[in-house]
Amino acid sequence: MNISCNIKINHVSRVEGHGNIHIKIKGGKVMEAQWEVVETPRFFEAMLVGKQWDNAPWICGRICGICSIGHTLASIRAVENAFGIVPSEQTRKLRLLLKHMETLQSHILHLYFLAAPDFLNTGSVFPLIKSHPDVVARAARIKLVANDACDIIGGRRIHPTRTVVGGFTMLPDKCMLETLKRRLEDAMTDLHRTAELFRSFPVPDFMRETEFVSLRGNGEYPFIGGDLVSTDGVRRKEQDYEKMTNEYTVDRSTAKWARLSRDSFAVGSLARLNNNFAFLHPAARELSESFGLRPVNHNPFMNNIAQLVECVHVTLDSITMISEFLDAEWDEPRQAVKHKKGKGVAAVEVPRGILYHSYEFDRAGKIVRCDCVIPTGQNHANIQHDLRELAAQSASMGRKDAEIELLAEMLVRSYDPCISCSVH
Amino acid sequence: MPVEKYLGVPLHRPKVAFFEFTACEGCQLQILNNEATLLDFLSLLEVVTFREAMKERSDDYEIAFVEGSITRADEARRLKVIRSKAKILVAMGSCACFGGVNQLKNRFNNLAWVKEQVYGTFPIETEEARPLEDVVPVDLKIYGCPVKKEEVEKIVTNLVLGKSVNHPKYPVCMECMANDNICLYKLGEPCLGPVTRAGCDAWCPGSRRGCWGCRGPADAANVDQIISIMDEHKFSAETIIDRLECFGGFREFAEALKKKTATSKTKKKRAGK
Ligand code: SF4
Ligand code: SF4
Ligand code: SF4
């Protein structure tokens with residue numbers, strides 16, 4: 001039996017940010033299986049110190065280009081929690097709708113542009129423009145609806161302009177919402193085709209028992225705020241997030257890592273689904289079942305399917321919310337903000353998992369301390385442990401080098417890591 | 001349909017590569033976010049390297065689009081290699097043009113404190129965030145945080161067609177007024193529109209959010225103008241400095257304003273004595 005191999009992938013492609021994979025197997029024994037994070041840090045937690053509170057969401061949104069809406073909303077919630085501001089029901093729902101649309105665009109970007117090429121045997125989506133024009137057109141169509149929605153509600157698809165502490169600077173045009181609703185209804189057909197496409201892809205047969213961490217749903221599938229939960233039975237309050245993340249530094253990573261009941265845990269779509277299956281829209285739940293995806297699923301490659309299920313959930317939920325907006329009169333877009341001394345924490349489910357922002361303000365409303373814990377940061381240790389297990393299984397199964405290399409990359413990609421975000 | 005000819009002349013599809021340094025990758029994403037026109041846009045170019053989207057890589061390219069600022073020695077080295085290969089090097093976004101939000105850490109003039117604040121005693125490598133042009137010559141800048149996709153498309157089309165690329169010299173206010181937006185000063189909110197270079201179609205004021213100057217100063221902008229706006233509308237120097245220093249394009253302005261307020265404070269103190 002095999003095997004000896006020495007795989008080095010520097011700057012794994014089709015992921016956000018910079019990470020390396022090293023796998024060394026000698027005579028069937030794994031000598032090394034490493035996930036390295038080499039991204040340059042930007043020091044957001046330092047750069048905010050001394051700044052006025054209104055800088056926080058505007059600057060922290062820039063932690064990530066892909067989930068800038070999630071970061072902005074987490075930042076806003078942390079500031080509001082510190083100042084004792086409770087958003088109006090309209091603001092709460094509009095923020096959720098905006099978040100849904102970011103989730104949809106991010107998941108579709110990942111499913112089609114980053115994950116699918118592995119199953120269609122190409123290096124990128126670009127050759128698919130010629131070989132699978134309908135697939136690319138469909139991906140572009142869904143992404144476009146979601147991105148247009150972010151423009152309509154948040155003012156801009158990347159680094160939103162209308163989202164502020166207290167609410168929104170202005171409200172979306174109702175005619176545009178009406179059109180958006182119709183386009184989302186049409187998108188459901190495209191999502192069903194997406195499901196067919198992914199059903200034709202073989203999900204790698206791999207499993208490793210994992211603890212999954214997410215928000216805990218309270219009547220609805222959770223996205224913004226609430227209690228924290230793990231599949232190992234841990235429960236915490238939002239403000240006690242540090243007890244959930246237990247960050248530590250590792251030599252080969254510029255991002256901090258995290259752990260809870262075990263050496264590592266996972267966050268993301270699969271974690272959310274594992275913890276909150278009952279709160280999924282029935283149609284999304286049915287889709288999940290049809291893929292054999294039920295809690296608690298321990299195959300990290302199933303995160304792709306969990307993303308697909310969430311696409312259906314957020315789209316259907318958005319259609320309902322838009323109908324409610326269309327039937328109601330608009331209230332005031334925002335409430336007045338009075339800053340005060342104190343601390344505020346926010347936990348928000350962004351596409352790649354649970355995100356925490358925490359700030360402390362002095363009496364003048366200036367930031368004295370800032371902490372952000374990023375989903376991918378929480379996933380790094382789990383990626384590391386999965387990678388080791390994958391290498392061990394590959395060694396004992398006698399997989400070929402190229403196969404191991406592809407599987408390792410696919411494993412990392414299935415987490416949809418946002419590495420620059422995790423280093424921030 | 002791929003554009004193969006322009007005005008009857010066969011088009012040369014230049015080989016282009018995308019690179020990122022210290023950044024949020026939002027500017028690159030803006031390119032992928034062009035769903036409606038992405039395919040036409042891509043038909044103008046031959047993308048040979050775009051790590052965020054493709055596995056293949058090539059060192060043979062004519063135009064390099066570079067996102068992000070330079071904050072580590074290995075980044076400076078990599079950028080120099082890119083410069084030596086590319087005929088045209090384009091700085092894409094505020095991080096690449098001015099240092100972007102990354103340069104906010106420079107204002108402490110104390111990297112040791114910055115590192116300690118985030119990583120404690122864990123050893124971490126970082127330098128002051130620099131724009132690309134502090135390391136290599138840059139041929140073209142595309143401003144914005146993020147860049148505006150329509151503008152990127154226009155600029156790239158002009159590049160491919162060999163036309164010159166000109167940025168507006170006038171400020172954001174011109175675009176804002178042309179769009180009939182409510183002026184934020186009327187709503188009591190600060191806005192750097194009067195001094196910021198246009199080209200974004202008054203993106204933020206169009207959503208009732210003041211401009212934070214992500215595109216850097218317009219040609220005629222000056223510090224006195226900023227101070228008189230600030231005094232007229234009774235905004236604190238701090239409020240204006242927060243905006244001026246956010247993306248790095250107004251660094252000198254922010255510093256001048258800081259100095260000025262520091263001296264006027266000491267003057268006031270002295271007068272009070
Ligand atoms: S300029 Fe802004 S959008 Fe572009 S990479 Fe930098 S932070 Fe991201
Ligand atoms: S809102 Fe800003 S950009 Fe628009 S006119 Fe007023 S100052 Fe100028
Ligand atoms: S309005 Fe100002 S901050 Fe907004 S995009 Fe334009 S230049 Fe940048």
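View 1. The shell around ligand 1 divides into seven nonpolar, six polar and two charged residues; here Ala, Val, Leu, Ile, Met, Phe, Trp, Tyr, Cys and Pro count as nonpolar, Asp, Glu, Lys and Arg as charged, and the others, Gly among them, as polar. Ligand 1 sits between chains A and B. Its shell holds 15 residues, with B:C24, B:G26, B:G93, B:C95 and B:C145 coming nearest; a residue is near if its C-beta atom, placed from the backbone, lies within 6 Å of the molecule. In chain B, α1 and α4 (94-98) each give two or more residues to this shell. Helices (H or I, at least four residues) and strands (E, at least two) are DSSP runs, numbered from the N terminus.

**View 2. The shell around ligand 3.** Look here for 13 residues, the closest being B:C200, B:W203, B:C204, B:C211 and B:C214. By class, nine are nonpolar, three polar and one charged.

**View 3. The hairpin of β10(A) and β11(A).** Two residues lie between these strands. β10 (residues 342-350) and β11 (residues 353-361) of chain A pair in the antiparallel sense over nine bridges, where pairing needs at least two DSSP bridges. Seven of the nine residues of β10(A) are buried, meaning 20 or more other C-beta atoms, placed from the backbone, lie within 10 Å of their own.

**Numbering and confidence.** Residues are numbered from 1 along each chain as its sequence is written, while chains are lettered from A and ligands numbered from 1 in the order in which they are written. In this predicted model, local features need pLDDT of at least 70 and side-chain atom pairs count only at pLDDT 80 or more, whereas totals for chains, interfaces and linings use all residues.

Conventions
Buried ≥ 20, exposed ≤ 12 C-beta atoms within 10 Å, placed from the backbone.
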